[in-house]
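Let's take a walk through this structure together. Keep the sequence and the 3D view side by side as you read.

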Amino acid sequence: MRDESGAVIRLEDYRPTDYLIDRTELDIRLDRHATRVRATLHLRANAAGRPSAPLVLDGDELRLISLAIDGRPAAPDAYEASPERLVIHAPPASPFTLTIETEIDPTANTKLMGLYRSGSAYCTQCEAEGFRRITYFLDRPDVLSVFTTRIEADRDEAPVLLGNGNPVKAGDAGGGRHYAVWHDPFPKPCYLFAIVGGRLDKVADTFTTMSGRRVDIAVYVEPGKAGDAAYALDALKRSMAWDERVFGREYDLDVFNVVAVSDFNMGAMENKGLNIFNDKYVLASPETATDTDYANIEAIIAHEYFHNWTGNRITCRDWFQLCLKEGLTVFRDQEFSADQRSRAVKRIADVRVLRSQQFAEDSGPLAHPVRPRQYREINNFYTATVYEKGAEVIRMLRTLIGEEAFRRGMDLYFDRYDGTAATIEQFLSCFAEASGRDLGHFALWYEQAGTPTVTARGHYDPAAKVYRLTLTQATPPTPGQLEKSPQVIPISLGLVGASGADIPLSPPATEGHAPGVFVLDGPSATLTFTDVPEKPVPSLLRGFSAPVRLEIDLEEEDLLVLFRHDSDPFNQWQSAQTVATRAILRAVAGDKRAADHRMADALRHFLAMRAASDPAFAAQVLALPTEADIAREIGHDVDPDAVHHARRLVKAEIGAALGDELAELYGRLTTREPYTPDAAGAGRRALRNACLDLLAAGRPAEGEAFALHQFRDADNMTDRFAALSVLSHLPGTARETALAEFAERFRDNALVLDKWFSLQAMIPETGTLERVRGLMSHPAFSMGNPNRVRSLIGSFAMGNLTQFNRPDGAGYEFLADIVIALDARNPQVAARLLTAFRTWKMLEPGRRALAEKALRRVAETPGLSPDVADISGRSLS
Ligand code: 0A1
Ligand code: ZN
C-alpha cells in the first residue's frame, strides 16, 4: 500500500487481493550486514480477485538474490524486481509456489522497521508495513498465512532464537552456527510476524489456562537485567487470568514470550506469541521506576496480551479498520487496570490523557475520524483518536446497550469472526444482534471527527416541582468535514439535592437504558424530571460517559456542592478541576487574586475528610489542570506565557492558603515502610508528593527544604524523582546540585537518564532551549535511540508550553531542524515529533506566524519521507 509518490489511499477503493498466500516458509540466516532470507510462498488465486492477474508483491529497500517459480529458477522476462516491488507477469496455474531469496542489512536499518539490531540483538518490527523490508510479500492485513520460520545464527552471538508460535526443532548448523524452527498454526497477516535472536537473559514461569493447558511464559531482557523483569512477568500472568475471567478468552499456544529491546519506535508490539517491547515498558525496580512506570508496564503488558484475541485471532481487513483492534484493546486494558487498582482514579487518569492528547488532536489540523477514510502514510494514524477515542466509543457502546448485551456481543464477535480480517461494520453488527438495537446512528462516531460540545441549561419550577434540562450538541468543523451531524451521546446524570444526596429520577432513564443514562441523539432535547422536591444541582456526564466537552452554567457554589457530595467520584474530581480552571482563566484575564477562599476552604475540608481514606483520589484532586488544558479552554489567540503565569499564581495562592494543612499531611504520610508498587502504597506516595508540589508553590523556601531532604533520603524512584521534579521548578543551586547528583547516581541506566533529560527539557525558563541543546552532547544522548529523542526533544516540544512556544520562534526553529535531520534516519520518530505543532493554529498571531514559518521550512525540504511530508502537509492545510 506504500506509494513513494505520496498518493492517497482510500477506504472506498478497497478490493480483495488477486492471490492468497496459504503458507509461508521462511529460512532466515542472521548476519549483521548480510542476512539472507529465503521465503517460500504457497500461493493460490483468490476467488474474490481478478483471474490471471499479474502478481504484485510489496517490497521496501529489498535486494533480490534469486527467484524460483514452482521450484524452477524464474526466466528473466517472467518477472520484474525493484527494491519496492516484485511483479510476476503471468503466474502459473493455481496453486503455485514462489521461492524468493533476498539479502538485507539489519545494521544499516535505522528506521527500526523490518529486521534491525537493538544493542547486540536482532529483532523485528513489522506493523504496519515492515514485513516488506524482510521479503517480498502481499503486505496487507487481509492476507492470512500460516508461517513456519527457521532462524539460523552464530551460536555465540545469538544463543537465543525466538519466533512466532511454538518451537518445533532446534540444533546445530555447523561452523559455529545453530538454528531453531518455529511454527505458528494460526493464520496471521505478516504484520504480526516476528523473530528475535541474541544473547538475552530471561525470567520464566508457567500459566495454566482455564481448560488446564500449561503455557510456558517468559520475559527476555538484555544480559544483566533479568532482576528488573519480575513485575512484567507477574502482570502478564494477571492479564492472562483476567481475560479468561472477564471475557472468557483463553490463550492458544504452548508458549508466550515477551522480549524487551532498548531501540523501539513505539511502546510495544503484539506479534503472535512473541510480543516485543520497548524496554521502558518492561524493566522496573523500586530504585529506578516510578509508580507511574509500574502502572504503565502493567497496562501495556496487558494491552499487548489482549491483542491475542482482539487483533490477532480477529485482525483488521485493511488499515482503515485499525481502531477495530486498537480502540477495543485499549478499552480492554483500561478495564483491566481499573480492576487491578482504583476504578475512579484510573478513569480520571484516562480522561486526562484523552483530553490532553485526543482533544488537542481533534481541535487542530490533524483531526481525523476514529476510522479515517483516507491516508497517505499509515504510520501516522497510530493516534490518540484511533486509540483513545476508539476506546471511548466502545465504552459508550457498553453504556448504551448495557453490560450484559455488551458481553453477548463480544462473544458473538469472537465466535463469528475468529480467524478472519474484519471490519467495524461486522463488529457493530454483533452488538446490534445481541442487543436488538439499531446501531446505524451510533456508527457515526467512527466517521465524524471533532469533539462535540454539549451545552446544558437547567430550569427548576418550584410550584410544579419540575426540573427541565435542555441539552444541545454541536461539533466544530474539521479538515475535510465542514458539516457535522448530531451524534448519539449517552449522558449519565444525577440530580443532587442540598443535602448532597441524589434525588430519585423520574423518569429514571431514557427508555430502554440503565438507570441514570439519558441519550441525546438530536441537535437538542429537553429532559423533564417530575417530583423534584427542591432545586437540584445537575451532575452531568458522570464517569465521563461520552468524549465531549460539557458547557454548563453552574455557579461556583453549585460546583462546590458537587465537589463535596457527588456520589460519582469522577464528577467530584471534575467539579474541583472546573473551579480551578475558572480561577486560572480569571488570572489570565488579569485578576490578581484569582483563587477565592471558597476553593481553599473546600479543599481543606476535602483533605480532612478524604486524604486518609482515599489518598490516590485526593492526589488527583490536588493536581491543577495543566497549562495545555487551560490553553485548550481558551481555544484561540493563546499566549502561553500568560497561561503559565496565571496557573502559577493560582497554584501559589492555593499552596499558601493550605500551607499548614499540606505540611502537616506531608509529614503524616511520611512512612518508613519498604517500597512496594501496589496501588495503596502508590496512592499514599502520590498524595504526599502532590502536597509537596503545592507547598513548594505556596511556600518555596519550605518546599525546597522538604524536597531536597526527600530527594536525598528517598529509597525509591517515585519519591526521589517527585522531589527532583519539584526542585526543577525552583531556580538556584539546590536544583543544579540535585540534578548533578541524580545524573551521577544513575549514569549507567539509560531509562533513568531519560527521566533526567525529560525533566530538564520541561523547565519553564528562558535558558531551557540552551540547556536542551547542551544535553544533546551528553554522552548518554543519542539521536539513534527513540527513547532518548522523545525524552529530551519530545518533552521540550510537547511538555514545555512556554519554551517551545518562545515568542522569538527559536523553539519552533529548533524542532524543525531536528525533524529535518532525524527524518533521514528514522522517519516515524521524526513525524511523531513534528505533531508538536498540532495546536499551532490556536496561538496568538505572532507565534502563529513563526510556527507556520518553521512548519513551511520543513514541508519545503527536498527528499522528505512520506511520514514527515504527510504531517507537515496536513498541519499546514
Ligand atoms: N500495535 C501496537 C502499536 C505499534 C504500532 C506500530 C509500531 O511500529 C511502527 C509498533 C507498535 C500496539 O498497539 O501496541
Ligand atoms: Zn494496540
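**A guided walk through the model**

Proline 507 sits in the loop that links strand 27 (489-496) to strand 28 (517-520); helices (H or I, at least four residues) and strands (E, at least two) are DSSP runs, numbered from the N terminus. The bond that joins serine 506 to proline 507 is a cis peptide bond, with omega about 5°. This is a predicted model, in which local features need pLDDT of at least 70 and side-chain atom pairs count only at pLDDT 80 or more, while totals for chains, interfaces and linings use all residues. Residues are numbered from 1 along each chain as its sequence is written, and chains are lettered from A and ligands numbered from 1 in the order in which they are written.

Proline 95 belongs to the loop between strand 8 (85-88) and strand 9 (96-104). In the loop between strand 5 (63-69) and strand 6 (72-73) you will find aspartate 70. Aspartate 70 is not a glycine, yet its phi is positive, near 50°. For context, most residues other than glycine have a negative phi, and most peptide bonds are trans.

Now step back to the whole chain. It is divided into domain 1 (1-197), domain 2 (200-289), domain 3 (315-447), domain 4 (453-552), domain 5 (554-698) and domain 6 (748-877), with bounds that come from an automatic or database domain assignment. Between the C-alpha centres of domain 4 and domain 6 there are 41 Å.

Where does ligand 1 lie? Domain 2 and domain 3 both give residues to its shell, so ligand 1 lies between them. There are 14 residues around ligand 1, and Glu127, Asn265, Met266, Met269 and Tyr382 come nearest (a residue is near a molecule if its C-beta atom, placed from the backbone, lies within 6 Å of it). Strand 20 (268-269) and helix 2 (291-306) are the elements that give two or more residues to this shell. By class, the shell has four nonpolar, six polar and four charged residues, where Ala, Val, Leu, Ile, Met, Phe, Trp, Tyr, Cys and Pro count as nonpolar, Asp, Glu, Lys and Arg as charged, and the others, Gly among them, as polar.

Helix 2 also packs with helix 1 (residues 230-247): their axes come within 9 Å and cross at roughly 50°. Axes here are lines fitted to C-alpha atoms, for helices over the stretch in contact, and angles run from 0 to 180 degrees between N-to-C directions. Helix 1 and helix 2 are therefore oblique to each other (angles under 35 degrees count as roughly parallel, over 145 as roughly antiparallel, 65 to 115 as roughly perpendicular and the rest as oblique). The contact of helix 1 with helix 2 has eleven nonpolar, one polar and two charged residues.

Compare that with helix 3 (residues 322-340) and helix 4 (residues 343-362), which pack at about 140° with axes 7 Å apart. Gln334, Ser337 and Ala338 of helix 3 meet Arg343, Lys346, Arg347 and Asp350 of helix 4, two residues being in contact if their C-beta atoms, placed from the backbone, lie within 7 Å. This contact divides into one nonpolar, two polar and four charged residues.

Finally, look at helix 26 (residues 845-859) and helix 27 (residues 866-876), whose axes lie 9 Å apart at an angle of about 145°. Leu855, Arg856, Val858 and Ala859 of helix 26 make the contact with Val868, Ser872, Gly873, Ser875 and Leu876 of helix 27. Here the classes are five nonpolar, three polar and one charged.
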